[in-house]
Amino acid sequence: MSLAIHQDDADILLKQKNILNEDNLEKYRVAGQITQTGLQYLISLINNSYHLKTTAKISVQDLCLLSDSFLFKLLNKQYVNKVIEKGISHPTTINVNELINGFAPEIDDEREFYFKEGDVVTLSLGVQIDGYTSQVSHTIVIYPTENNKPTGPLLGNNADAICACHIAIESVIALLGCSLNPEKLPQNLQSSKITGSLIRNLVDSIADQFNCIVLPGSKIRRIRRFLAGQAEGIVAERDFKGVVWDESHQEIRLLKQGNTTQDLIVSEKPQSTNNSSAVPNDEFFIEPGEVYQIDLKMSGLSNLNEIGIITTDEIDQFSGKNNKQDFNSKSSIFIRDFAITHQLKLKTARKMLGEVDKKFSVYPFKLDYIGNELIDNEKSQQEINEQIAKLKQSMKSNRLGASELINRHLIKSKPIQITKFVPLKEILLTSNPTGKHGIDLSKPVLPGMEIPLPNIGISSIKLKSLLKTGFNISNVRESTTIIINNNNNNEVLRLNGGEQTANINWIHSNYKLNQDLQDTINYLIQLTKDKRFGINLKTINPYKLKQQNASVESMQID
Amino acid sequence: MAGRNAINKPKIKMLAQSHAKSLGKKRANRRTIATRSSTSRYAEKHLTAPRPTDSKAVALFTGQTPSPVSIMTTTTLSNKRAKKIARNQKYLQSKLDEDLKMKEEDEEIQPSKLENIKKTLWKVIENYEQFGYQIKPDSEGTTLGIQSF
């Protein structure tokens with residue numbers, strides 16, 4: 001279903017509002033600054049409690065709440081009464097090891113979620129101001145410590161993945177930045193324009209060199225005002241532009257590995273649907289004046305002794321559904337589906353829907369946010385603890401309202417996903433008489449990518465049934481938002497991430513880039529270091545803040 | 001008329017009346033053909049009113065052999081219809097045989113694309129079991145970051 005909008009309005013909303021003038025750039029910039037500060041705050045919370053041990057261990061649910069409240073606090077200080085909508089575009093999620101998406105436990109979750117040494121923890125958060133969105137993800141490592149320092153670098157498959165992810169992100173930023181000066185593209189890429197397939201090849205070859213897999217759900221995509229991929233799988237977006245990875249690309253990778261003698265005609269293109277501009281394909285050019293979200297998730301294979309496909313599995317609250325799943329959790333992030341209207345019976349539900357429509361609009365939210373004053377991070381540590389205890393009490397009525405909204409499909413919950421490795425043997429040996437018919441509706445996928453393994457003819461339902469033969473595999477993720485600004489001084493604006501906030505983890509990988517690729521990547525990275533002869537890359541800095549444990553003592557907002 | 005709990009209630013008369021009434025109902029049911037509910041929700045499928053989409057054929061060939069348990073039926077097949085069914089079955093059988101033969105011939109010439117793909121993937125597994133991953137670890141490796149948080 002699509003909403004009827006007059007062509008003139010559509011032009012204003014989709015074209016004019018996305019032109020990077022000074023106003024819009026400033027909104028992006030402020031959004032970037034808030035995410036940077038939020039990430040810095042969250043990382044220092046984790047460092048204080050797990051590495052430096054100046055505070056007691058903070059649980060994952062407290063970390064999520066503290067981070068979200070901090071983001072709201074920063075948002076409240078900016079664009080007061082100047083924009084209609086601003087808020088969190090991606091509630092803080094903290095995905096540990098095999099968790100990949102959507103894990104942000106609610107504050108009244110009684111279970112003890114703490115990190116262990118050696119965990120890889122992915123922090124993701126995002127904010128929007130007037131629909132201009134900045135989203136960041138960064139994976140940190142929980143180290144064993146000695147004298148307030150890590151005892152050694154991280155080794156093994158996670159180290160490979162972190163290494164590959166970091167190098168891939170940095171080189172893709174440089175590659176996208178080259179769209180401002182295409183003549184500076186490395187010669188051995190043999191291309192004068194930056195296409196989707198060029199980006200895919202670069203990322204794939206980096207991942208291959210480190211024996212990693214680019215996980216399903218990774219994407220490098222253009223974002224526009226209010227269209228930052230926050231409702232993927234719920235709303236199809238027209239004119240989608242970007243490179244997307246899913247299981248089918250792993251299948252193609254394996255087929256290319258084995259295809260030595262005979263010529264297989266492998267279909268790389270996703271199936272077309274009736275709304276074909278919503279189907280992602282690699283045939284596009286990066287153009288200056290666009291904003292891109294670079295979001296890469298990877299898993300290292302070095303500790304496995306099998307060939308297989310890595311896919312995602314949804315976690316829910318029902319235990320005993322599949323006999324081996326020992327971790328259950330309710331999804332806690334919801335998003336409004338504006339295509340549906342319904343006359344609600346419960347008063348709490350009506351009140352909640354009104355608030356959701358007004359406060360969060362098309363962006364996801366958590367029940368913690370509704371009707372409550374969130375934590376005031378500028379208070380003392382003890383007061384913060386009292387506030388958290390108070391907030392736990394008020395969750396019940398929210399949950400009652402939310403259940404009716406979910407039952408009427410007015411809001412949809414975003415699934416919690418984990419990564420699973422399914423051995424290829426099991427996939428090949430399974431009987432599959434019905435072929436590739438059958439779509440797993442609970443899995444949010446982009447249009448045209450409904451069949452995970454189109455060449456072997458395995459549908460998503462079939463793959464789901466094969467998950468029981470697989471096992472969990474940990475993943476890492478890095479993501480950042482960049483603006484290719486061609487306005488006055490041709491610069492690439494990196495809204496978040498970078499060395500200052502997203503510190504590079506201390507890792508050692510047993511793999512190394514081969515010489516050709518090493519040269520290309522060195523060249524690309526050098527471009528970003530040199531303002532005059534390369535690309536003018538600017539990274540947004542966070543606000544300066546003084547912080548003691550969870551409480552922020554002073555903040556300098558410019 | 002006496003009340004329900006009255007002492008002089010004509011109990012026998014009332015019972016007799018209701019008895020006669022129910023007997024009469026049964027008799028009437030036997031005599032008339034009851035109207036059928038048109039929705040299969042309230043009656044079994046074969047009892048519901050025929051829908052315009054239902055087949056009007058006396059015996060329809062569905063490709064299935066009759067169930068081994070013989071069921072007594074009152075429907076009669078005309079001689080002509082029985083001959084027709086037998087003839088159709090003969091044609092169908094010969095067509096199926098021919099299809100099967102043609103399929104086998106096709107397969108002899110070319111294995112299907114799916115089989116090729118599966119063969120390739122098995123080869124990948126075999127290669128891995130023999131030689132391990134195509135990418136080999138390097139003695140030097142790559143180190144990132146510094147000793148800090």
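**Exercise 1. What covers the buried residues of α6(A)?**

The model is predicted: local features need pLDDT of at least 70, side-chain atom pairs count only at pLDDT 80 or more, and totals for chains, interfaces and linings use all residues. Residues are numbered from 1 along each chain as its sequence is written, while chains are lettered from A and ligands numbered from 1 in the order in which they are written.

Solution. 
- Helices (H or I, at least four residues) and strands (E, at least two) are DSSP runs, numbered from the N terminus.
- Check the length. Helix α6 of chain A has 12 residues, 247-258, and at 1.5 Å a residue should span 16 Å. The expected span is 1.5 Å times one less than the number of residues. The end C-alpha atoms lie 17 Å apart, which agrees.
- List the buried residues. Buried means 20 or more other C-beta atoms within 10 Å of the residue's own; exposed means 12 or fewer, and partly exposed is in between, with C-beta atoms placed from the backbone. In α6(A) these are A:Glu247, A:Ser248, A:Gln250, A:Glu251, A:Leu254 and A:Gly258.
- Name the cover. It includes β7 (212-214), β11 (308-315) and α10 (424-429) of chain A, together with α3 (113-131) of chain B.

**Exercise 2. Describe the side of chain A that touches chain B**.

Solution. 
- Count. The contact takes 33 residues from chain A and 26 residues from chain B. Two residues are in contact if their C-beta atoms, placed from the backbone, lie within 7 Å.
- Find the main contributor. α6(A) gives the most to this side of chain A, with four residues.
- Sort by type. The residues divide into 14 nonpolar, 15 polar and four charged. Ala, Val, Leu, Ile, Met, Phe, Trp, Tyr, Cys and Pro count as nonpolar, Asp, Glu, Lys and Arg as charged, and the others, Gly among them, as polar.
- Look for strand pairing. β19(A) and strand β1 (residues 142-144) of chain B pair in the antiparallel sense over three bridges. Pairing requires at least two DSSP bridges between the strands. A:Ser509 has B:Thr142 as its bridge partner in β1(B).
- Turn to the partner. Chain B has three helices and one strand, in the order α-α-α-β from the N terminus. Of its 149 residues, 4% count as buried.

**Exercise 3. Locate the largest nonpolar core**.

Solution. 
- Define it. A nonpolar core is a set of buried Ala, Val, Leu, Ile, Met, Phe, Trp, Tyr and Cys residues joined through C-beta atoms within 7 Å.
- Size it. The largest has 148 residues. α4(A) gives the most, with 14 residues.
- Leaving aside neighbours within four places in sequence, A:Val172 is in contact with A:Ile199, A:Leu202, A:Val203, A:Ile220 and A:Ile294.

**Exercise 4. Is A:Gln556 buried or exposed?**

Solution. 
- A:Gln556 is in strand β22 (residues 551-556) of chain A.
- Count neighbours. With 8 C-beta neighbours inside 10 Å, A:Gln556 counts as exposed.
- List contacts. Not counting residues up to four places away, A:Gln556 touches A:Tyr543 and A:Lys544.
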